[in-house]
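Welcome, and thanks for taking a look at this one with me.

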Amino acid sequence: MPSTFKDLRIVDNFYQTSSFFPMPTIVIGTLCEDGLTNLGSYSLCFPYYIAGKEYYAMLLECRNNSNTAVNLLRTGKCSLNFIPDRRKYFKEAVRLGYPGDTPQEKVKDTIFTLEKGLRAQEDPDGRYPEIIAESFQVFECSWDSSLDNASEDTVQEQYNPPFRNFNGITSTFGAHFILKVERILMQERYHAAIVNGMRAGRFPRVPVDYGYRDNTRFWYTRFRRPLAQLIPKKKGQELSSVVYAADRMDDQVKFTEAACARLVNVPRVFLNTALSACVKWAKENGVVEITAEHMDIINDKRSKEKGRRRS
Ligand SMILES: Cc1cc2nc3c(=O)[nH]c(=O)nc-3n(C[C@H](O)[C@H](O)[C@H](O)COP(=O)(O)O)c2cc1C
């Protein structure tokens, strides 16, 4: 059968000129020399180190003479503010994405509310960019300039070769920044959703943008209630899903795999409640790792309590 696809020429900015590529809408806060927080809009910002390294990181791709790039080269600090879907916020993101304006001009009239982030509160003597209060989540990051010798890069009027491969000034007009994620700040209700279990109605209103499609318009789709697709059942899956939830329950109290095995028959909607009851018991009893034997004690205690309530 002949292919139904046509070969499309790959040109600069192929992700928005030669394809349809879904992206996040992020407004990046960086520190200017006078202490002002500049705001610039960015979509090419994705998870980079996600596990197995000493830290977690994002990757940002941007114009090397943007206010954001200049400030990152100078101070290395930024806040990645994830903006929820509202027409007026997207309009503002597009205004903040217009090249050529100075930080003072851009930030003076912004509709966004700027406030101190957690890093500034933890380290009152340090200097950190502010964060946008309307965000559903904020990543507070610092640039890792040690990779690819990027610490040698400084702010210039114009950049000439040789360029770096993946961090710092990477081409005549481009820069890449590997950003260490230092804090993830989450609005309370979404924090609760992540800790207590996701349901469709608990997602933040996340917009998806598709970039410029011509020189006049920026395209994005509005948030729609997400759908959940069950993954096919495989042997051992029940246990791994309990282990997954148990690992995320508490930063001090852990569960052995044998302890998790005792919970595989608990209906998924009650799993977090059951796990948090176990954590509560562990804390009351000075236990840091819950074993299968501990689970027996907890279950015994529960059955006795149930019995008492019935009689
Ligand atoms: C929603 C949106 C996403 C954008 N994403 C990027 C991006 O990923 N990389 C980039 O270099 N420019 C991007 N731009 C263009 C920048 O926002 C533009 O260069 C702007 O001048 C940057 O602001 P700054 O100079 O204050 O950093 C985007 C613009 C918009 C509106």
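How many helices and strands are there in the chain?

1. Let's start with the overview. Please keep in mind that this is a predicted model. The chain has ten helices and 14 strands. Its C-alpha trace spans about 80 × 65 × 40 Å along the principal axes. Of the 311 residues, 26% count as buried. Among contacts between residues at least 6 apart in sequence, 63% join residues at least 24 apart.

2. Next, the domains. The domain assignment gives domain 1, residues 14-221, and domain 2, residues 237-302. Between the C-alpha centres of domain 1 and domain 2 there are 38 Å.

3. Strand 1 (residues 26-31) pairs with strand 2 in the antiparallel sense, over six bridges. Leu 31 is found opposite Thr 37 of strand 2. The two strands form a hairpin with five residues between them, and Gly 35 in this hairpin takes a positive phi near 95°.

4. Is strand 2 enclosed by the rest of the structure or open to the outside? Six of its six residues are buried, so strand 2 is largely enclosed by the rest of the structure. In a regular strand, side chains alternate between the two faces of the sheet. Here both faces are covered: one side has Thr 37, Leu 39 and Ser 41, the other has Asn 38, Gly 40 and Tyr 42, and all of these are buried.

5. Now for the ligand. Its surroundings comprise 19 residues, of which the closest are Gly 40, Leu 44, Asn 67, Thr 68 and Gly 97. Two or more residues of this shell come from each of strand 2 (37-42), strand 4 (57-63), helix 2 (67-75) and helix 3 (87-96). Which element gives the largest share of the shell? That is strand 2, with four residues. Sorted by class, the shell has seven nonpolar, nine polar and three charged residues.

6. In soluble globular proteins, nonpolar side chains tend to be buried together. The largest nonpolar core in this model has 34 residues, and those touching the most other members are Ile 26, Val 27, Met 58, Leu 60, Leu 80, Phe 177 and Leu 179. Another core lies apart from it, with twelve residues that include Phe 255, Cys 260, Leu 263 and Ala 282.

7. You will find Tyr 128 in the loop between helix 5 (118-122) and strand 7 (131-132). Why does Tyr 128 count as buried? Tyr 128 is buried because 23 other C-beta atoms lie within 10 Å, where 20 or more are needed. Not counting residues up to four places away in sequence, Tyr 128 touches Lys 77, Gly 117, Arg 119 and Ala 120. Gly 76 is 52 residues from Tyr 128 in sequence, yet the two are 9.5 Å apart in space, C-alpha to C-alpha.

8. Finally, a second hairpin. Strand 11 (residues 208-212) and strand 12 (residues 218-221) run antiparallel and are joined by four bridges. The hairpin connects strand 11 to strand 12 through five residues. Which residue of strand 12 is the bridge partner of Gly 211? It is Trp 219.

Note on methods:
Residues numbered from 1 in each chain as written. Predicted model: local features only at pLDDT ≥ 70, side-chain atom pairs only at ≥ 80, totals over all residues. Near = placed C-beta within 6 Å. Nonpolar A, V, L, I, M, F, W, Y, C, P; charged D, E, K, R; others polar. Domains from an automatic or database assignment. Contact = placed C-beta atoms within 7 Å. Pairing = 2+ DSSP bridges. Core = buried A, V, L, I, M, F, W, Y, C linked by C-beta atoms within 7 Å.
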